[in-house]
Amino acid sequence: DKKVFEQSLNMITRQVDDIHHLVNEFSSFARMPSPKLKLININNIVTDYIKPMSSSFENVTIEIDNIIDNAFIMADEKQIRQACSNLIKNSYENLILNKVSDGKISIIFGIEEDFASITITDNGTGIDKSIISKITEPYYTTKVGNSGLGLAITKKIIDDHSGTILIKPTKGSRGTSIIFKFPLVSK
């Protein structure tokens, strides 16, 4: 399908640009590049990034719900994509590594008081409550051969954008929910 191919190619190009940006400016975790803030609609940035990516996720369904037209924040577009990529990649890896047959990642947008929120939920194996406070620390990992920087970088990006992140097991026996919020800007 030509449209899927073009979307995938655009996604790969953006990923390469994002990686190039990080490689140029990121020599260590402590020297993460400062965000270059501009007014963006976070819902559109995340949706435009995830839609083409979803076709490359075998055996996992990605659902996007409640796109909001006025979710404007001051943010660095590349860093927001990096944070989302890290979170979705973690969910996808959990689903695939644990052979979840009905793997699903849901992305739900919201506006709560003066904040734009994004909730990423998967139906994977979940997360042990005892490690939640550790998993965003640099070099902490539960995966063999991993650097333990993905969630630490994500938390740093969210912090640098005056945002918050909450990681919690979903109700029931399976899944993890990650909620991050950023202050809204009036337009």
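The model is predicted: local features need pLDDT of at least 70, side-chain atom pairs count only at pLDDT 80 or more, and totals for chains, interfaces and linings use all residues. Residues are numbered from 1 along each chain as its sequence is written, and side-chain values use heavy atoms, without hydrogens and water.

**Exercise 1.** State how many helices and strands the protein chain has, and give their pattern.

Solution. Start with the rule: helices (H or I, at least four residues) and strands (E, at least two) are DSSP runs, numbered from the N terminus. The protein chain has 4 helices and 7 strands. Along the sequence they run α-β-α-β-β-α-β-β-α-β-β.

**Exercise 2.** Find the share of buried residues in the protein chain.

Solution. Buried means under 20% relative accessible area, with a 1.4 Å probe and protein chains only. Of the 187 residues, 43% are buried.

**Exercise 3.** Classify the aromatic pair of Phe57 and Tyr92, and explain what it ties together.

Solution. Rings of Phe, Tyr and Trp (its six-membered ring) pair if their centres lie within 6.5 Å; planes under 30 degrees apart count as stacked, over 60 as edge-to-face and the rest as tilted. The count is 2 aromatic pairs. Phe57 and Tyr92 lie 4.2 Å centre to centre, with 20 degrees between the planes, so the pair is stacked. Phe57 sits in the loop between helix H2 (42–54) and strand S2 (60–65), and Tyr92 in helix H3 (residues 77–97), so the pair ties together parts 35 residues apart in sequence. Phe57 has 13% relative accessibility, so Phe57 counts as buried.

**Exercise 4.** Classify the pair of Phe180 and Phe182.

Solution. The centres are 5.7 Å apart and the planes 85 degrees apart. This pair is edge-to-face. Phe180 and Phe182 are both buried.

Key. Buried < 20%, exposed > 50% of the residue type's maximum accessible area, 1.4 Å probe, protein only.
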